[in-house]
Every structure is written in structure tokens, then in C-alpha cells.
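Take a look at the sequence and the fold below. Then use this briefing to find your way around.

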Amino acid sequence: MVDTMNNQFQENEEEKKTPKAVNWHCFKACNYGCRFCYARFEDLKATSFMTENEGCRLLEQLATAGVEKINFVGGEPMLHPHIRAWIVHAKAVGMVTSIVSNGTGINRVFLSAMKGHLDWVGLSVDASSDELHEQLGRGEKKHLRNGISAHLARSLPVADLLHEFGVGVKLNTVVTALNQQDDMSEVVRRIRPDRWKIFQALHIEGENDEDILQLEVSDVAFDAYVERHRAALVDLRGVTVVAENNEAMLGTYAMIDPLGRVYTNAEGRYRYSSDSMLVMGFVDAWREVSTGFSAEAFLARDGDWDWNREASGVEA
């Protein structure tokens with residue numbers, strides 16, 4: 001009887017340590033040139049990615065460990081040749097599915113194929129004009145070379161499609177020195193996201209060391225941006241505004257890189273597991289880096305929101 005109680009206690013302790021949500025940076029490659037990006041993975045080859053079967057094994061390990069939500073991120077995850085299969089498999093093993101994208105490839109064909117499999121899309125839009133997007137590098141590299149961006153013009157119809165297909169919409173905005181005075185109110189009203197996440201441009205050592213020096217925004221300016229928009233959108237119902245300053249972003253994300261290494265960012269740099277979770281298993285890989293993750297801070301930044309309820313469209 002005592003042994004049984006001890007085993008249950010140990011299992012409960014492991015469950016507490018398992019993050020409820022994981023960001024899988026499944027692909028390094030990106031067709032955009034965002035200057036503030038902190039997920040460049042310069043140490044990896046552009047061709048470093050998993051086979052479909054390896055990715056499915058990774059997802060199964062996460063689900064078995066108790067991860068509830070998987071967020072496919074990049075690079076640009078929509079460029080990955082196996083992204084559709086992985087979204088379907090993640091849903092099949094019981095996880096809530098989400099993808100953060102610049103909108104590439106999100107069309108009727110894709111959304112029809114993902115119906116019943118894809119719960120959320122986080123659409124990245126940083127400015128109210130494509131002139132500002134060009135300055136931020138938020139645009140296709142082929143366009144940026146000509147000094148233009150068409151990101152906003154492309155994103156608005158994508159948002160409309162997401163609503164049409166019943167996919168939950170998150171809007172992600174990075175605040176920098178270049179767009180800190182921008183007014184995103186009309187864009188937010190037009191996109192009508194369920195959640196608007198506003199991020200303070202973040203420096204990660206070894207990822208965006210040079211560009212971030214010109215883009216960093218002070219805490220005061222970031223807070224002013226957030227409060228200005230909260231006031232402007234006070235009448236807009238159904239949109240949850242979530243602001244994450246640098247302090248809130250550090251040590252509150254459980255992440256996996258394109259090779260399957262588990263990592264955190266508590267010290268302002270990436271701390272990786274000693275090997276891929278495909279080799280050592282997620283539980284052991286997470287144990288190596290979990291001291292860089294604060295469950296309390298994760299909750300404080302509203303990391304454990306009701307993604308099941310909101311994805312089903314049920315009123316709060």
C-alpha cells in the first residue's frame with residue numbers, strides 16, 4: 001500500500017513538471033526577413049528537419065507525457081513538407097493544435113484539408129501599414145529586396161478565411177522602436193482575433209544580436225503601447241489582449257528545435273537538452289532544461305488559457 005502511494009506521488013510530481021503547452025520550432029527555413037526574429041537557428045543547416053515518421057514519434061511522446069497543446073512554429077512552419085501530416089497526427093493523439101504563421105499557404109485548399117484537425121492559427125501582423133512592415137523586415141524576402149512588403153494586404157484575407165472555416169484566430173504583434181507609435185486598432189478590429197498577443201521585442205543571445213540593437217523598445221514605451229490600445233479597443237468584445245514584456249517571455253516557454261532538442265530561454269539565451277528527445281525521450285530531455293522554466297510565471301503570463309473552450313466556440 002505504501003509503495004502504491006509513493007508511486008502515485010511520484011507520478012503526480014512528474015505531471016506537475018510536464019509543461020501543458022509546447023512550441024515546436026519544426027523548421028528553420030523562412031521566406032520572410034523579420035529583423036527582430038530570435039528563432040533563426042544559425043547553427044543548423046537549412047535542410048535540418050525530421051522525417052514524417054520522426055515527427056509523429058515526437059508528437060506521440062509529448063502527448064504521452066501530458067502535453068495538452070502543441071504550437072507549430074518556425075522559421076515558417078507552413079513551408080515544412082510534413083506540416084499537414086503532423087497537424088493531423090497531433091490532433092489524433094489528443095492535443096490541441098496551433099500554428100504560428102506569416103500566412104504562407106493558408107488558403108481554402110489547406111483549411112479544407114485541416115478541418116477538424118487544426119484548432120488555432122496565430123497570424124503575425126506587426127503594423128498598420130506595409131511601409132512599416134518593410135522597415136521591420138516583415139515581408140517576403142523577394143519583396144524586401146525591392147524595398148516593399150505586401151504582408152498586411154495578404155494577411156487580411158487569410159484572417160477572413162480562418163473565421164469562415166471556424167479556426168480560432170490569434171494575432172501576434174511584436175513591438176519595436178520602429179512601430180511603438182503605430183496605431184493597430186483598426187487592424188485588430190478588421191482581423192477580429194480571439195486573442196491578441198503583444199510582445200516586446202526580445203534579445204536572445206546568438207540569435208538576433210545585431211538587429212535587436214536598433215529595434216529594442218523600453219519597458220515604458222511598451223507599456224504605453226499596450227495601454228493605448230487597450231483604451232482604444234475597450235468597446236471591442238470577444239478579444240482578449242495579452243501583453244508579454246521581456247520578463248514575461250523569459251523562462252515561460254517550453255520549446256523544441258528542428259532537431260528535436262528541448263530547450264528554454266530563462267537566461268536570455270537558449271539552453272538545450274544534451275540530445276534530441278527522439279534519442280533520450282521527452283521526459284529526460286525536459287528534466288535537463290526544466291530549471292529554466294517557471295510554471296508560476298507561465299500562469300502569470302496567461303499561458304494556461306482555455307484553448308479547448310475557445311477553440312470549440314463556446315461562450316465563456
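The notes below go from the sheet to one of its strands, then to helices and a loop residue. Keep in mind that this is a predicted model.

**The sheet**
- Ten strands form an open sheet with mixed pairing.
- Read across, their order is β7-β6-β5-β4-β3-β2-β1-β8-β9-β10.
- Strand β6 (residues 195–200) runs parallel to β7, and five bridges join them.
- In this pair, R195 stands opposite T240 of β7.

**Strand β2 and its neighbours**
- Strand β2 covers residues 69–73.
- On one side, β2 pairs with strand β1 (residues 21–25) in the parallel sense, over five bridges.
- Here V22 stands opposite I70 of β2.
- Strand β2 also runs parallel to strand β3 (residues 96–101), with four bridges between them.
- Here F72 stands opposite I99 of β3.

**Is β2 buried or exposed?**
- Five of the five residues in β2 are buried, and the strand is mostly covered.
- In a regular strand, side chains alternate between the two faces of the sheet.
- On one side of β2 sit K69, N71 and V73; on the other sit I70 and F72.
- Both sides are covered, and these residues are all buried.

**Helices against the sheet**
- Helix α2 (residues 52–65) lies across β1, β2 and β8 (255–256).
- The direction of α2 is at about 165° to β1.
- Helix α13 (residues 282–289) lies across β9 (262–264) and β10.
- The direction of α13 is at about 25° to β9.

**A buried loop residue: N208**
- Where is N208 placed? N208 is in the loop between β6 and α9 (212–215).
- N208 has a relative accessible area of 1%, so it counts as buried; the cut-off is under 20%.
- The side chain of N208 reaches the backbone oxygen of L202 at 2.8 Å.
- Leaving out residues up to four places away in sequence, N208 touches F36, C37, Y38, R40, L202 and H203.

How values were computed. Residues are numbered from 1 along each chain as its sequence is written. This is a predicted model: local features need pLDDT of at least 70, side-chain atom pairs count only at pLDDT 80 or more; totals for chains, interfaces and linings use all residues. Side-chain values use heavy atoms; hydrogens and water are left out. Buried means under 20% relative accessible area, exposed over 50%, partly exposed in between (1.4 Å probe, protein chains only). Helices (H or I, at least four residues) and strands (E, at least two) are DSSP runs, numbered from the N terminus. Two strands pair if DSSP finds at least two bridges between them. Contact means heavy atoms within 4.5 Å. Axes are lines fitted to C-alpha atoms, for helices over the stretch in contact, and angles run from 0 to 180 degrees between N-to-C directions. A polar contact is a pair of N or O atoms within 3.5 Å; within protein, one must be able to donate a hydrogen and the other to accept it, and residues adjacent in sequence count only if both atoms are side-chain atoms.
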